[in-house]
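Subject: Structure handover and notes

Hello,

Here is the structure we spoke about, with its sequence. My notes follow.

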Amino acid sequence: MNRTFQSLRVRNFRLFIIGQLVSATGTWMQSVAAPFLVLQLTHSGVALGIDTGLQFLPIMLFGAWGGVVADRFDNRRLQVATQVAFAVLAAALWVLVTTHEVRVWMVYTLSFLTGTVLAVDMPTRQSFYLEMVGRDDLTNAMSLTTATFTGSRVVGPAIAGLLIATFGIAPVFLINAVSYVSVVVALLAMRPSELQRRAAVPRRPGQIREGIRYAWRTRDLRLPMLVMAVVFLFGFNFLVLLPLLAVRTFHGTAGTYGNMLALFGAGSLAASLLMASRASKPNTPRLATLAILLGSVSIALGLAPVLPVAWVLMPMVGGVGIAFAITGNATLQLTSSDEMRGRVMALYGVIFLGSTPIGGPIAGWIGQHVGSPTLGPRVGLAGGGAVALAAGILALVALGVTD
C-alpha cells in the first residue's frame, strides 16, 4: 500500500490529483453526452466518427508545436491557460444546446477548438509529472493520475446517464465547464519552489525536426512508438464503436452506453492501481505483451453474443488498454532526455490522440456500413483487435531478432 500511493506524499501532486478527480468526472460525463448529441442531430455513425476525429485532428496537425511550447514555457502556467480554455468551450456547447440553436457543424467546430487546446495541454501535462515528483516516482504518479481519471469513468458516465434521462443533455455540458475550475485552483495553490523545473529550451530553428530525428534514431523510443502508432490507430477507437455497439448491436440507450463505460472504467481503475504498486520500470517487451492482450480481449468483445457477455469483457478491455497506455507513456518519458521530453511527449500525443482523425472515421464507417447495423460495430472492434494482436507479436519478434 505504501508503494501504491507513495507519490501522494508530495503536496503539489496531491493538489494535482484532487483537481483532476473533479475535472475528470465532468470530462467523462461529457463523453457520454457528446456522442448522443451528435447521434440525435445526424443519426449517423460516420458523423460520430467525424466528430471524434475533429476533436483530435489538431493534435495530429499542431501536436509537435505543442511540444515545443511545453519545452519553452512554464508548464504550470500553461496548464492554467488550457483549463480556462476548456471551460469556455464546454460552456459554449451548453449555451447552444440550452437555446436549441445547436447544429452539427457547431459541434464539429467546438470539437476542433477543444482539440487545438489539447494539442498544447497534453505534452505540457505529461512533462509536468516529472516536475512534481521526480524520476523515481514518475510511473507511480502517472498510474495514480490514470487511476483517478479512470476511476471517475465509473462515476461520471453513470451520473451522465441519469441526468440525460431526467433533464436532457444540456446540464452535462455545464457541469463539465464548472469542473475545470478545480484544476485551476489546484495549480494556483501549488508551491512553485517545490517543483523540479526543467531548464527552458531557448528558441531556435528546426526544433520540431530535431525532436523527430531524436525519437527515430533512439531505438528505445522508435520501437515502442511504432507499436503504439499501430495499436492507437486501429485498436483504440472505443469512443466511436462502443456507442454504436450499445445502441445498434445490443439495442440499448444512453444508460446502456453509460454502464459500458462505467465497467470499462472499473477495469481501468484496477489496472492503474496495480501499475502504481509495481516497483519494476516499464519497458518495450511489456508494451508488446499488453498489445497482444488488448487485441485478444477486443476480439472477444466484438464476438460477444449478448449484452451480459459484453459487460463481463468491458473491465478486461479497460484494464489492459490503460495498462498499455501507461506503459507506453512512462517508457517514453523515462527514456527521453530532459531537453527533448516535451517534444517526445508531443509525438506521443500525436500517436495516441492524433491518430484518431484517421482511425475514428474509419471505425465509424465500418460501424455504420459493414454488414448490418448490428454487425458493423462488432467488425470494427474485432478487426482493430486483430491488428493490435499482430503488432504486439511483430514487436516481440523484432526485439528477439535485435537482442
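The second largest cavity in this predicted model is lined by Phe-234, Gly-235, Phe-236, Asn-237, Phe-238, Leu-241, Ser-298, Gly-380, Leu-381, Gly-384 and Gly-385. Three helical elements each give two or more residues to that lining: α8 (219–235), α9 (238–249) and α15 (376–402). The most comes from α15, with four residues. By type, the lining of this cavity holds five nonpolar residues, six polar ones and no charged ones. Gly is counted among the polar residues here, and the lining includes Gly-235, Gly-380, Gly-384 and Gly-385. The volume of the cavity is about 40 Å³. Over the whole structure, the search turned up four cavities of 30 Å³ or more.

Next, the nonpolar cores. The largest of them has 90 residues, and the ones with the most contacts inside it are Val-231, Leu-242, Leu-301 and Phe-324. Helix α12 (residues 307–335) gives the most to this core, with twelve residues.

What does Leu-242 touch, not counting residues up to four places away in sequence? The list is Tyr-257, Met-260, Leu-261, Phe-264, Leu-301 and Met-314. Of these, Leu-301 is, like Leu-242 itself, one of the residues with the most contacts inside the largest core.

I also looked at Val-97, which sits in helix α3 (residues 75–98). Its relative accessible area is 14%, so Val-97 counts as buried, the cut-off being under 20%. Once neighbours within four places in sequence are set aside, Val-97 is in contact with Leu-37, Val-102, Ala-170 and Phe-173. Leu-118 lies 21 residues from Val-97 along the chain, and the C-alpha atoms of the two are separated by 23 Å.

On charged pairs, the search of the whole structure gives three salt bridges. Side chains of opposite charge can pair when their charged atoms come close.

The remaining salt bridge is between Asp-220 and Arg-219, where the closest N and O atoms are 3.5 Å apart. Asp-220 is partly exposed because its relative accessible area is 41%. Arg-219, at 32% relative accessibility, also counts as partly exposed.

Regards

Terms used. Residues numbered from 1 in each chain as written. Predicted model: local features only at pLDDT ≥ 70, side-chain atom pairs only at ≥ 80, totals over all residues. Heavy atoms only, no water. Salt bridge = Lys/Arg side-chain N within 4 Å of Asp/Glu carboxyl O. Buried < 20%, exposed > 50% of the residue type's maximum accessible area, 1.4 Å probe, protein only. 1 Å grid on protein atoms, 1.4 Å probe; cavity = no way out; pocket = protein on both sides within 12 Å on 5 of 7 lines; lining within 4 Å. Points joined across faces, edges and corners; volume = space filled by probe spheres on them. Contact = heavy atoms within 4.5 Å. Core = buried A, V, L, I, M, F, W, Y, C linked by side-chain atoms within 4.5 Å.
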